[in-house]
Amino acid sequence: MPKFYARRRLGIVAALTGLIASAGVLNGPSASAALPTPVSASTARTYLASLTVSAENRTGYHRDLFPHWITVSGTCNTRETVLKRDGTNVVTNSSCAATSGSWYSPFDGATWSAASDVDIDHLVPLAEAWDSGAGSWTTSRRQSFANDLTRPQLLAVTDNVNQSKGDKDPAEWMPSRTAYRCTYVRAWVQVKYYYGLSVDPAEKSALQGHLASC
């Protein structure tokens with residue numbers, strides 16, 4: 001779509017374009033996140049039905065019990081790897097830090113031109129994993145969970161949106177973009193199923209409700 005029409009569509013007048021660009025926000029979704037495709041809604045419903053329903057327990061949790069970000073290849077750690085995977089025209093320096101590119105956040109529909117405006121979200125948060133079974137894991141397994149590039153668990157998103165989400169489950173928080181919610185809950189259930197994590201009653205009810213409309 002030509003930039004002129006993209007600006008009109010977003011309601012951004014030409015006089016504000018420079019200000020928005022300087023803040024790191026681009027005018028449209030010129031990048032697209034590359035989360036590994038989650039299981040289908042029907043498979044997610046089957047997985048969800050098999051998950052243990054249990055109250056959560058955060059006793060003993062500390063974020064450092066999930067080592068991240070680890071080196072993936074060369075000088076690139078997990079965060080930098082996801083930034084390259086999820087971004088468009090990403091350029092990195094010798095340390096693998098992204099120096100330019102664009103990142104589209106599917107949670108809120110914003111597109112960013114600075115890597116500093118982007119967080120790597122653990123779709124199932126580390127604290128949530130601890131609450132639902134990871135407290136009994138080995139450090140090695142928690143490290144694998146925190147750096148999992150194979151399952152739909154890591155995603156580049158707007159930093160303050162990720163911080164707003166925090167450690168909330170789908171009964172407490174969902175992406176503001178309704179178009180992404182089906183993908184989100186399918187991924188959530190897949191990750192929980194793969195790692196043998198439990199769900200609490202409110203979480204299961206919320207997941208069932210969202211999956212029913214997928």
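Glu80 is buried, at a relative accessible area of 15% (buried: under 20% relative accessible area with a 1.4 Å probe, protein chains only). The model is predicted, so local features need pLDDT of at least 70 and side-chain atom pairs count only at pLDDT 80 or more, whereas totals for chains, interfaces and linings use all residues. Residues are numbered from 1 along each chain as its sequence is written, and side-chain values use heavy atoms, with hydrogens and water left out.

Glu80 is found in helix H4 (helices are DSSP runs of H or I with at least four residues, strands are runs of E with at least two, and both are numbered from the N terminus). Not counting residues up to four places away in sequence, Glu80 touches Thr75, Ser95, Cys96 and Ala97 (contact: heavy atoms within 4.5 Å). The side chain of Glu80 reaches the backbone nitrogen of Asn77 at 2.9 Å. At the start of H4, a side-chain oxygen of Asn77 in turn lies within 3.1 Å of the backbone nitrogen of Arg79. The C-alpha atoms of Glu80 and Ile120 are separated by 9.2 Å, although the two residues are 40 apart along the chain.

Besides Glu80, the buried residues of H4 include Thr78, Val82, Leu83 and Asp86. Among the elements that cover the buried residues of H4 are strands S1 (71-73), S2 (76-77), S6 (118-122) and S7 (154-158).

Strands S3, S4 and S5 form an open antiparallel sheet in the order S3-S4-S5 (two strands pair if DSSP finds at least two bridges between them). The edge strands, each pairing on one side only, are S3 (87-92) and S5 (111-112). S3 is joined to S4 (residues 98-104) by four bridges, and Thr88 stands opposite Ser102 in S4. Helix H4 (residues 78-86) packs on this sheet and touches S3 and S4, its direction making about 135° with that of S3 (axes are lines fitted to C-alpha atoms, for helices over the stretch in contact, and angles between N-to-C directions run from 0 to 180 degrees).

The largest nonpolar core has 33 residues (a set of buried Ala, Val, Leu, Ile, Met, Phe, Trp, Tyr and Cys residues joined through side-chain atoms within 4.5 Å). Helix H8 (181-194) is one of the elements that give two or more residues to this core, and H8 gives the most, with six residues. Phe145 is among the residues with the most contacts inside the core; its contacts include Phe66, Trp137 and Val191. A second, separate core of 10 residues includes Val82, Leu83, Trp103 and Ala115.

Definitions and conventions:
Buried < 20%, exposed > 50% of the residue type's maximum accessible area, 1.4 Å probe, protein only. Polar contact = N/O pair within 3.5 Å; in protein donor to acceptor, adjacent residues only side chain to side chain.
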